[in-house]
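This briefing sets out selected features of one protein chain, grouped by topic. It is intended to be read alongside the sequence and the coordinates.

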Amino acid sequence: MLCCTCTKRCFMKRVYNPCFKLIQSRNAHSSASATRQRPVMCKELKTKVLPLLPPATVNGPSAHRHEGQPPDGADILNVTAEALKEGHVVAVPTDTIYGLACLAQNSEAIKKMYNIKRRNGNKPLAICVGETQDIFKYCKVKVKEELLRDLLPGPVTLVFERSEVLNPDLNPFTPLVGVRIPDHDFLRHLCQMCAEPLALTSANISTHTSTVAVHEFQDLWPRLAVVVDGGPIGDQSRLGSTVVDLSVLGKYHIIRPGCAFSATVDLLERKYGLSEDPGDK
């Protein structure tokens, strides 16, 4: 059961930050909207479920906010970053599906992530960073930076050889790592606040369907410190990002077609002259 009686003492006063792209639908039914806008907390395990809300518009952008209102994007960013730094796993919206995230450099947090998902220990986790230049710190990049900027931020995971800086306990069975910069302002700001990559995977039990709304993975909530509710994910495709291996010079290999397959292949071949490496990977 979710407890709403303790929300006033559990959440901070709203301080709206207009730089966040808050994706809650404004056309939702009023009663459903009222339900979503009420911050809730799992009473026993203290799981914070935080709805990203559009700004108040009374008398323009400087509308007053009152004690007891749900937290806004800036508050949620701080709460989520703090949970990550304490070694917890959180759920966040991305530009494709909902994801589970923890600090990639925290080995204990990575173990928690695998346990929560009931994920095979030999299946890798991707990392998520906030800016293109961060990729060069954690990966050995063999393509032009312009290519990275053409594809990212966006619904694409690029696979490179990992650098020595990346936590050796993250995917220790492979020299490669996938890296994402989702086209989602909240998640990018979260990476920037943490100042290190996030390990990122879909918010579902392994082998189950990907999720595009927080209620679809409600069975996982008790094991998460924070659930950020960004509303339904836009395209509802559930395909996830397109995963492409760029670790071989001059070649590309599609590991997962995902939701941006055609556009990604067209860019790699036409603009950058890469050839497909069917490989056995």
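Predicted model: local features only at pLDDT ≥ 70, side-chain atom pairs only at ≥ 80, totals over all residues.

The chain contains eight helices and 14 strands, and 52% of its 281 residues count as buried. Of the contacts between residues at least 6 apart in sequence, 67% join residues at least 24 apart.

- Helix H3 is largely enclosed by the rest of the structure, because 10 of its 13 residues are buried.
- The buried residues of H3 are Gly73, Ala74, Asp75, Ile76, Leu77, Val79, Thr80, Ala81, Ala83 and Leu84.
- The cover over these buried residues includes strands S3 (47-51), S4 (90-93), S5, S10 and S11 (226-229), together with helix H7 (185-194).
- Just after H3, Gly87 adopts a positive phi of about 90°.

**The largest pocket**

- The volume of the largest pocket is about 920 Å³.
- Its lining comprises 37 residues, and those nearest the centre of the pocket are Arg119, Pro124, Ala126, Val243 and Arg256.
- By residue class, the lining of the largest pocket divides into 12 nonpolar, 17 polar and eight charged residues.
- At least two lining residues are supplied by each of the strands S5 (98-103), S8 (156-162), S9 (176-180), S10 (198-202), S12 (242-245) and S13 (251-256).
- Strand S9 provides the largest share of the lining, with four residues.

**Salt bridges**

- The structure holds 10 salt bridges.
- One of them pairs Arg180 with Asp95, whose closest N and O atoms are 2.7 Å apart. This pair links distant parts of the chain, since Arg180 belongs to strand S9 and Asp95 to the loop between S4 and S5, 85 residues apart. Both Arg180 and Asp95 are buried.
- Glu146 forms a salt bridge with Lys271, with 3.2 Å between the closest N and O atoms. Here too distant parts of the chain are linked: Glu146 is in helix H6 (residues 145-151) and Lys271 in helix H8 (residues 261-271), 125 residues apart. Glu146 is partly exposed, at 42% relative accessible area, and Lys271 is likewise partly exposed, at 45%.
- The side chains of Glu216 and Arg238 also meet in a salt bridge, at 2.8 Å from N to O. Glu216 is located in the loop between S10 and S11 and Arg238 in the loop between S11 and S12, so the pair ties together parts that are 22 residues apart in sequence. Glu216 is partly exposed, with a relative accessible area of 30%, and Arg238 is partly exposed, with a value of 30%.
- Lys140, Glu161 and Glu164 are joined in a network of salt bridges.

**Thr211 in the loop between S10 and S11**

- Thr211 is situated in the loop between S10 and S11, and its relative accessibility of 3% places it in the buried class.
- Leaving aside residues up to four places away in sequence, Thr211 touches Ile97, Tyr98, Ala203, Asn204, Glu216, Phe217 and Arg238. Two of these contacts, Glu216 and Arg238, are the partners of a salt bridge described above.
- Thr211 and Ser237 are separated by 26 residues in sequence and by 9.7 Å in space, C-alpha to C-alpha.

**Backbone geometry**

- Most residues other than glycine have a negative phi, and most peptide bonds are trans.
- Leu152 and Pro153 are joined by a cis peptide bond, with omega about 0°. Pro153 is in the loop between H6 and S8.
- Arg118, although not a glycine, has a positive phi of about 55°. Arg118 is placed in the loop between helix H4 (107-117) and strand S6 (126-128), and is exposed, with a relative accessible area of 62%.
- Ala195 is not a glycine either, yet has a positive phi of about 60°. Ala195 occurs in the loop between H7 and S10 and is exposed, at 63% relative accessible area.

Note on methods. Residues numbered from 1 in each chain as written. Heavy atoms only, no water. 1 Å grid on protein atoms, 1.4 Å probe; cavity = no way out; pocket = protein on both sides within 12 Å on 5 of 7 lines; lining within 4 Å. Points joined across faces, edges and corners; volume = space filled by probe spheres on them. Nonpolar A, V, L, I, M, F, W, Y, C, P; charged D, E, K, R; others polar. Buried < 20%, exposed > 50% of the residue type's maximum accessible area, 1.4 Å probe, protein only. Contact = heavy atoms within 4.5 Å. Salt bridge = Lys/Arg side-chain N within 4 Å of Asp/Glu carboxyl O.
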